[in-house]
Amino acid sequence: MQALAIMYHDVVENGDFESSGFSGEGAHVYKLRREDFVRHLDAIARATAAVSTVRKLEGRPVLLTFDDGGASFHHPIADLLESHGWRGHFFITTDRIGTPGFLTEAHLRELNRRGHIIGSHSCSHPTRMAALSRAELDREWRDSISRLACILGDPVKVASVPGGYFSHEVADSAAAAGVEALFTSEPTAAAEMRSGCRVLGRYVVQRGMSPAWSAGFATGSPAYCWRQSALWKAKRVAKALGGGRYLQLRQAILERKG
Ligand SMILES: [Zn+2]
């Protein structure tokens with residue numbers, strides 16, 4: 001099957017990037033201002049009416065996903081999605097639940113009740129998920145999923161990979177923890193099965209990208225999807241060559257920009 005999944009992070013009011021989710025310029029580049037996010041959603045609505053969730057994977061569904069577990073998932077993101085009649089996939093870093101800038105247990109229960117999909121984004125958000133041992137991976141998925149299931153009183157079967165560092169072992173470990181749909185950061189519409197778990201790629205929207213990008217991803221427009229895919233492949237080569245150096249370099253560049 002194919003799916004057009006889009007990855008967002010936090011949406012902040014008044015340009016206050018510290019108010020929700022992880023701090024630091026490396027995290028802030030993924031956050032959108034509320035007024036921009038409103039335009040992105042309007043652009044998706046004009047381009048397609050087929051926003052769906054993993055509960056109903058028919059045709060080539062458009063799936064809206066949000067990583068990290070920031071307080072902005074509750075307000076304003078869920079409200080804005082619901083104003084279009086849509087539901088989101090919210091991926092939670094469980095060690096941060098109830099800490100400043102992140103969702104509380106009560107928020108999670110409310111979002112679940114309102115029909116949004118709550119999933120795991122690991123316990124601790126490791127910088128390089130694919131570099132963990134199998135035992136560490138198992139603990140990240142198992143403990144985060146059981147914590148969420150305990151809070152919600154419902155089974156949790158979806159997850160997204162923190163930092164985009166994916167490997168087959170990351171998927172095998174998630175599948176062993178009961179994950180049935182795992183979202184990566186690979187910009188592709190193709191979904192594949194791995195150990196009984198559906199692995200889905202995602203197109204990322206960062207600060208500074210125009211609403212046309214969200215609409216382009218939601219319609220599978222080659223001008224947008226292929227462009228991001230080509231860029232990502234070039235970056236993957238840089239990461240493979242540089243390993244940990246890539247992250248240091250990225251941080252240094254972001255700090256200079258900030
Ligand atoms: Zn993340």
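Tutor: We'll take a metal site, a proline, the cysteines and a pair of helices in turn. Before that, keep in mind that this is a predicted model, where local features need pLDDT of at least 70, side-chain atom pairs count only at pLDDT 80 or more, and totals for chains, interfaces and linings use all residues. Residues are numbered from 1 along each chain as its sequence is written, and side-chain values use heavy atoms, with hydrogens and water left out.

Student: Which residues coordinate the zinc ion?

Tutor: Look for donors, meaning N, O and S atoms within 2.8 Å of the metal (3.2 Å for Na, K and Ca); water is not among the atoms, so sites may look incomplete. Here D68 (OD), H121 (NE2) and H125 (NE2) coordinate the zinc ion at 2.0 to 2.2 Å. Along the chain, the spacing of these donors is D-x52-H-x3-H. D68 sits in strand β5 (residues 62–68) and H121 in the loop between β7 (117–120) and α5 (134–152), so this pair, 53 residues apart, links distant parts of the chain. Helices (H or I, at least four residues) and strands (E, at least two) are DSSP runs, numbered from the N terminus.

Student: Are D68 and H121 buried or exposed?

Tutor: Buried means under 20% relative accessible area, exposed over 50%, and partly exposed in between (1.4 Å probe, protein chains only). Both D68 and H121 are buried.

Student: Where is P162, and what does P162 touch?

Tutor: P162 lies in the loop between β8 (158–160) and α6 (168–176). With a relative accessible area of 0%, P162 is buried. A contact means heavy atoms within 4.5 Å. Leaving out residues up to four places away in sequence, P162 touches H121, S122, H125, P126, M129 and W141. Two of those, H121 and H125, also coordinate the zinc ion.

Student: How many disulfides are there?

Tutor: A disulfide is a covalent bond between the sulfur atoms of two cysteines. The cut-off used is a pair of cysteine sulfur atoms within 2.5 Å. The whole structure has zero.

Student: Which residues meet where α7 and α8 come together?

Tutor: A212, W213, G216 and F217 in α7 meet Y224, C225, R227 and Q228 in α8. C225 is buried, with a relative accessible area of 3%.
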